[in-house]
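Here is a note for a colleague who has the coordinates open. Please read the points alongside the structure shown below.

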Amino acid sequence: MINSVNLTGRLTKDPELRVSQNNVAVGNFTLAVNRSFTDQNGERQADFINCVLFRKTAEIAKQYLSKGSMVGVTGRLQTRNYENKEGQRVYVTEVVVENLAFLETKSDNNQQSNNNYNQQSNVNVGQNPFGNPKSNITDEDLPF
């Protein structure tokens, strides 16, 4: 069976970081990913994908990423469930990030934020940023 996810998008808010009961760093963020088509009004829609990271990757994401950062992620889709306080079963689907690529520097991100604020942004959606990432981080390279 194949379970592989590749996404490019921007963080909707700063990454969150916590430590599990087993003393493992767990991070999460939501990635806004533009759809490749426009709606009936000619506007581009986005999907908001929950992502979870573990160990050193989570710590690095918390340290270096912020709202608006453009990243590429590869990983796997995972569905989990739990019972909430009202006794209802809640299902959560998220991407477990195995590879994280920083696709711009902090100065690029700050300039993009300023351009968005001034409504002067010119983004080429057809471009594939995975071809030339600024920095790659992979769990395979981390000692754990």
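The numbered points go from the basis of the model to its fold and then to single residues.

1. Basis. This is a predicted model, in which local features need pLDDT of at least 70, side-chain atom pairs count only at pLDDT 80 or more, and totals for chains, interfaces and linings use all residues. Residues are numbered from 1 along each chain as its sequence is written, and side-chain values use heavy atoms, with hydrogens and water left out.

2. Confidence. The average pLDDT (the predictor's confidence in each residue, from 0 to 100) is 80 for the chain, and 72% of the residues score at least 70. Over residues 116-137 pLDDT stays under 50, and the model has 31 contacts beyond four places in sequence for this stretch. A contact here means heavy atoms within 4.5 Å.

3. Fold. The chain has 2 helices and 7 strands, arranged along the sequence as β-β-β-β-α-β-β-α-β. These elements are DSSP runs, numbered from the N terminus: helices are H or I with at least four residues, strands are E with at least two. Of the contacts between residues at least 6 apart in sequence, 64% join residues at least 24 apart. Of the 144 residues, 31% count as buried; the cut-offs for relative accessible area are under 20% for buried, over 50% for exposed and in between for partly exposed (1.4 Å probe, protein chains only).

4. Strand S1. Which strands pair with S1? S1 runs antiparallel to S5, and 6 bridges join them; Asn-6 stands opposite Thr-74 in S5. S1 also pairs with strand S3 (residues 25-38) in the antiparallel sense over 2 bridges, with Leu-11 opposite Leu-31 in S3. Pairing requires that DSSP finds at least two bridges between two strands. Strand S1 (residues 5-11) is largely enclosed by the rest of the structure, because 5 of its 7 residues are buried.

5. Helix H1. Thr-57, Ala-58, Ile-60 and Ala-61 are buried in H1. Seen down the helix axis, the buried residues of H1 fall within an arc of 165°, so they line one face of the helix. The arc is taken from the directions from the helix axis to the C-beta atoms.

6. Aromatic pair. A search of the whole structure finds 1 aromatic pair. Tyr-64 and Phe-102 form this pair, which is tilted, at 6.5 Å centre to centre and 50° between the planes. The pair links distant parts of the chain, 38 residues apart: Tyr-64 is in helix H1 (residues 55-64) and Phe-102 is in strand S6 (residues 89-102). By the criterion used, rings of Phe, Tyr and Trp (its six-membered ring) pair if their centres lie within 6.5 Å; planes under 30 degrees apart count as stacked, over 60 as edge-to-face and the rest as tilted. Tyr-64 counts as partly exposed because its relative accessibility is 42%, whereas Phe-102, at 12%, counts as buried.

7. Glu-104. Glu-104 lies in the loop between S6 and helix H2 (106-118). Is Glu-104 buried or exposed? Glu-104 has a relative accessible area of 15% and is therefore buried. Its side chain makes a polar contact of 2.9 Å with the side chain of Arg-10 and reaches the backbone nitrogen of Met-70 at 3.1 Å. A polar contact is a pair of N or O atoms within 3.5 Å; within protein, one must be able to donate a hydrogen and the other to accept it, and residues adjacent in sequence count only if both atoms are side-chain atoms.

8. Ser-69. Ser-69 sits in the loop between H1 and strand S5 (70-83). With a relative accessibility of 7%, Ser-69 counts as buried. A polar atom of the Ser-69 side chain lies 2.9 Å from the backbone oxygen of Ser-66.

9. Thr-79. Thr-79 belongs to strand S5 and is exposed, with a relative accessible area of 53%. Apart from neighbours within four places in sequence, Thr-79 is in contact with Tyr-91, Val-92 and Thr-93. The side chains of Thr-79 and Thr-93 make a polar contact at 3.2 Å.

10. Val-19. Val-19 is in strand S2 (residues 16-19) and is exposed, with a relative accessible area of 53%. From Val-19 to Arg-55, 36 residues apart along the chain, the C-alpha separation is 9.1 Å.
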